[in-house]
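Hi,

Here is the structure I promised to pass on. Have a look at it first, then read my notes below.

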Amino acid sequence: MMKDPYKNEVERVEMERKEEYHTTDSSIVASNAIKYTAYIILFFGFLYFLVQYILPML
């Protein structure tokens, strides 16, 4: 089908719409929570060691 060059109608072009949902995988969230909780426990354990054993020697 050919477009009539003398008509001023604009053709409607429908763009394909992609909807991307960024879902978070619950296993990744859980593993990160466990990892950072371990970091915090290690940090406070190190501080406890410093306060209990190293600082009294000074």
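Let's start with Phe-49: its relative accessibility is 38%, so it counts as partly exposed, given that this class sits between the 20% and 50% cut-offs. Keep in mind that the model is predicted.

Phe-49 also has a partner. Together with Tyr-53 it makes an aromatic pair, with 5.7 Å from centre to centre and 40° between the planes, and the pair is tilted. Where do Phe-49 and Tyr-53 lie? Both are in helix α1, which covers residues 26-54, and they are 4 residues apart, about one turn of the helix. As for the overall fold, the protein chain has 1 helix and 0 strands.

In general, two numbers describe a pair of aromatic rings: the distance of the centres and the angle of the planes. How many aromatic pairs turn up in the whole structure? The search finds 3. One of them joins Phe-43 and Phe-44: the ring centres are 5.6 Å apart and the planes meet at 65°, so this pair is edge-to-face, because the angle is over 60 degrees. Phe-43 is partly exposed at 47% relative accessibility, while Phe-44, at 52%, is exposed.

Now for the surface. Buried residues make up 0% of the 58 residues in the protein chain. The chain exposes about 6,700 Å², and 62% of that comes from carbon and sulfur atoms. Phe-49 and Tyr-53 show up again here, in a nonpolar surface patch with Phe-46, Val-51, Ile-54, Leu-55, Met-57 and Leu-58. Together, the patch residues have about 890 Å² of accessible area.

Cheers

Definitions and conventions
Residues numbered from 1 in each chain as written. Predicted model: local features only at pLDDT ≥ 70, side-chain atom pairs only at ≥ 80, totals over all residues. Heavy atoms only, no water. Phe/Tyr/Trp six-rings, centres within 6.5 Å; stacked < 30°, edge-to-face > 60°. Buried < 20%, exposed > 50% of the residue type's maximum accessible area, 1.4 Å probe, protein only. Helix = DSSP H or I, 4+ residues; strand = E, 2+ residues; numbered from the N terminus. Areas by Shrake-Rupley, 256 points an atom, 1.4 Å probe, with all protein chains shown as cover. Patch = residues over 30% accessible without salt bridge, like charges linked within 9 Å, V, L, I, M, F, W, Y side chains within 5 Å. Salt bridge = Lys/Arg side-chain N within 4 Å of Asp/Glu carboxyl O.
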